[in-house]
Amino acid sequence: MRSLATGRTGKVAATVFASSLVLAACSSEDSADSAGSGSDSSADSAGSTAEKSGSSEEGRGPITFAMGRNDTDKITPIIEKWNEEHPDEQVTLEELAGEADDQRETLVQSLQAGNSDYDVMALDVIWTADFAANQWLEPLEGDYEVDTSDLLDATVESATYRDTLYALPQNTNGQLLFRNTELVDSEPENFDDLAQSCADLDDAVECLTLQLKQYEGLTVNTIGFIEGWGGSVLDGDEVTVDSAEAEAGLQALVDAFEDGTISSSSLSATEEETNLAFTGGETAYAINWPYMYTNAEEADATSGKFEVSPLVGKDGVGVSTLGGYNNGINVNSEHKKTALDFMKFIINEENQTSFAENSFPPVLASIYEDESLVEQFPYLPALKESLENAEPRPVSPFYEAISKAIQDNAYAALKGDKPVDEAVADMKKAIEAASH
């Protein structure tokens, strides 16, 4: 799915870090049939409203939580616990049908109609700014203010638009650098170290494989290089993708592809091709989401022969983009106080621990330091460091256009169809045109 935002990929995503990036899908047939488009008829809306009106306290009562069905197995036990403790404020799970774009369209149709079918919505991180800009989300300020000091900073940033928090992070995801220790014995400190460590590899083995096919994965990795060299795509409302640092990051990506540090196969690789190359022993390094850890543990070519670390950039630790969901309150909800309390319930220590135990990266920072969890999931310290250095994808209601501009021009630069300086200049023009 396009939503690398969630880091979910292929058939392994059901049991491991969902993701890839790689973003949420569908519902059970019964749920999909009853949900329809989310705005089937005024009669359905009226019934839903009447059903939710049985609370004597303003802002409290039953609510509906909407989420793509790919990851609802992680949230269902939490809903069940909530419902046991709150018999008058029951949460009904509405699983959204289709791929990420279909789910977004279901929510948008309902919100544009002013409906209150969904009280809390699990939003792909790249949707949050768009929904906020359209005034579909209740700002989390004043009576709805939330303490986010215990959450990973980058996740809070992804839920913030124009200095206002509009959603509460639920779960996250970050990229990791996987290294085959039989091929490269020591961890690189920066990208130059990585490139040099591949000098003695057999010709049959690639150095680094990542996702450079023309889709969302290319956006994610291009931004990773731009930010890993000190650049950015946006600074507030200003388009900064043509800065000297941003151009240097794209140039580093193109140079590494041209000199063979990055495998030629990366130009057609998604997360799954990357996974197959690494677990098959065909590449010394790979950039991918944490779901690949379990696959590498089980594969003959890599079992007991690999390690993970944060990404590397120009001068040290690199910059991963974030995946995951942010939970937002429908501005039309009649039970916003219950909605807020349920969102806070999801991120308590017990429930965030359950996310970690189900390979669903939590947003509560302390979970990554739980020794029993680290023993069970050895990648957690590296993932925490990755997340602490991560950045959201550009927070903008025009994200789709931004992603397309990056993909089109980075792909042209990688193929040698345009020089890097022209590519970043064209990115800027396309992004500015889309946002005006």
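A disulfide is a pair of cysteine sulfur atoms within 2.5 Å. The views below show a predicted model, in which local features need pLDDT of at least 70, side-chain atom pairs count only at pLDDT 80 or more, and totals for chains, interfaces and linings use all residues. Residues are numbered from 1 along each chain as its sequence is written, and side-chain values use heavy atoms, with hydrogens and water left out.

**Figure 1. The disulfide of C198 and C207.** The structure holds 1 disulfide, in which the sulfur atoms of C198 and C207 lie 1.9 Å apart. The link is right-handed, with 65° about the S-S bond. Both C198 and C207 are buried (buried means under 20% relative accessible area, exposed over 50%, and partly exposed in between, with a 1.4 Å probe and protein chains only).

Figure 2. A cavity is a set of points, on a 1 Å grid over the protein atoms alone, where a 1.4 Å probe fits but cannot get out; lining residues have an atom within 4 Å of a point. Grid points are joined across faces, edges and corners, and a volume is the space filled by probe spheres set on the points. Two or more lining residues come from each of α7 (191-197) and α8 (216-228), and α8 gives the most, with 5 residues. Helices (H or I, at least four residues) and strands (E, at least two) are DSSP runs, numbered from the N terminus. The lining has 11 nonpolar, 6 polar and no charged residues. In this division, Ala, Val, Leu, Ile, Met, Phe, Trp, Tyr, Cys and Pro count as nonpolar, Asp, Glu, Lys and Arg as charged, and the others, Gly among them, as polar.

**Figure 3. The second largest cavity.** About 90 Å³ of space lies in this cavity. Among the residues that line it are V125, I126, L322, R393 and Y399. By class, the lining divides into 8 nonpolar, 2 polar and 1 charged.

**Figure 4. The largest nonpolar core.** A nonpolar core is a set of buried Ala, Val, Leu, Ile, Met, Phe, Trp, Tyr and Cys residues joined through side-chain atoms within 4.5 Å. The largest one has 56 residues, and those with the most contacts inside it include F65, L140, F342 and Y379. Helix α12 (residues 336-346) supplies the largest share of this core, 6 residues. Another core, of 44 residues, lies apart from it and includes V184, I223, A252 and A423.

**Figure 5. Aromatic pairs around F342.** Rings of Phe, Tyr and Trp (its six-membered ring) pair if their centres lie within 6.5 Å; planes under 30 degrees apart count as stacked, over 60 as edge-to-face and the rest as tilted. By this rule there are 16 aromatic pairs. The rings of F65 and F342 have centres 5.6 Å apart and planes at 75°, so this pair is edge-to-face. Because F65 lies in strand β3 (residues 63-68) and F342 in helix α12, the pair ties together parts that are 277 residues apart in sequence. W82 and F342 also form an edge-to-face pair, with 5.6 Å centre to centre and 75° between the planes. W82 belongs to helix α3 (residues 72-85), 260 residues from F342. W82 is buried at a relative accessible area of 2%, and F342 is buried at 0%.

Definitions and conventions. On a 1 Å grid over the protein atoms alone, a cavity is a set of points where a 1.4 Å probe fits but cannot get out, and a pocket is an open set with protein on both sides within 12 Å along at least five of seven lines; lining residues have an atom within 4 Å of a point.
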